[in-house]
Amino acid sequence: MSKRVVLVAVCCAVLLVAVPVQADYIVVANSATAHHSISGRGPEKTLNGSGISDASIIEDGDDIPVTWPTVTGNYLTEWQANKSGGGGWLQYDLGEVQDITGLYVWNSRNGTARGMRNVTVKTSETLPGDWGTVAATGNWQFSQAAGGARYDFATTQTARYVLLDAADNWGDGSFIAVNEVRFIGIPEPASTLLMATGGLVMLRHRS
Ligand SMILES: [Ca+2]
């Protein structure tokens, strides 16, 4: 009685699995600090959706809206501060290190002159003792009293802290202000191709 062994190789069976591509999303900072704040107009007013026409579509984790909401001119919905050296700064803590590609700013609409104007944006994974040692990730002139505008970094930043350092405002002699700020998050690189290789199937056949 002979014994035969039959090997059946099923090799390199490739399965292509479609994985939905995750879109960029809204990041709301956990907290904010500033060089100064007027009572009742603290930097948290740039995180809580105050003054935004529809804050429900710019909450943390939301998709980037097709049409961004607009902003009102109520000063109690803004961060406002005495100017410092002609400008001032806001610093955000995202709560954890994450990848961000830019920010969206609704500048002050309390009048037209209080908003941040020429702004240097810096990012860091840790809270540096001296922001002056951190390389700038963007320099922009923020839109004056606009409904809002997006500013994209040249490269994705891995950061927890973001500094908006304004050299000046749009002309107001006393105050500098911003209504609301959001950051643009980008997902971790997702696998769009899963490859499964078939194993070697051994069939033992007795005859
Ligand atoms: Ca606000």
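Analyst: The largest nonpolar core has 34 residues, and those with the most contacts inside it are Leu 90, Tyr 92, Met 116, Val 162, Leu 164, Val 178 and Phe 183. A nonpolar core here is a set of buried Ala, Val, Leu, Ile, Met, Phe, Trp, Tyr and Cys residues joined through C-beta atoms within 7 Å. At least two residues of this core come from each of β3, β4 (79–82), β5, β6 (118–124), β8 (149–166) and β9 (175–185), and β5 gives the most, with eight residues. In soluble globular proteins, nonpolar side chains tend to be buried together.

This is a predicted model, in which local features need pLDDT of at least 70 and side-chain atom pairs count only at pLDDT 80 or more, while totals for chains, interfaces and linings use all residues. Residues are numbered from 1 along each chain as its sequence is written. The protein chain has 10 strands and zero helices, where strands (E, at least two residues) and helices (H or I, at least four) are DSSP runs, numbered from the N terminus.

Phe 183, found in strand β9, counts as buried because it has 22 C-beta neighbours inside 10 Å; the cut-offs are 20 or more other C-beta atoms within 10 Å for buried, 12 or fewer for exposed, and partly exposed in between, with C-beta atoms placed from the backbone. Leaving aside neighbours within four places in sequence, Phe 183 is in contact with Val 27, Ala 29, Leu 94, Ile 100, Leu 103 and Val 162, a contact being two residues whose C-beta atoms, placed from the backbone, lie within 7 Å. Phe 183 and Ile 26 are 157 residues apart in sequence, yet their C-alpha atoms are 6.0 Å apart in space.

Strand β3 (residues 31–34), another contributor to the core, has a covered face with Ala 32 and Ala 34 and an uncovered one with Ser 31 and Thr 33. β3 pairs with strand β5 (residues 88–107) in the antiparallel sense over four bridges, and two strands pair if DSSP finds at least two bridges between them. Within β5, Tyr 92 is the bridge partner of Ala 32, and Tyr 92 is also among the core residues with the most contacts.

As for confidence, the mean pLDDT (the predictor's confidence in each residue, from 0 to 100) of the protein chain is 86, and 81% of its residues reach 70 or more. Over residues 191–207, however, the pLDDT is below 50.
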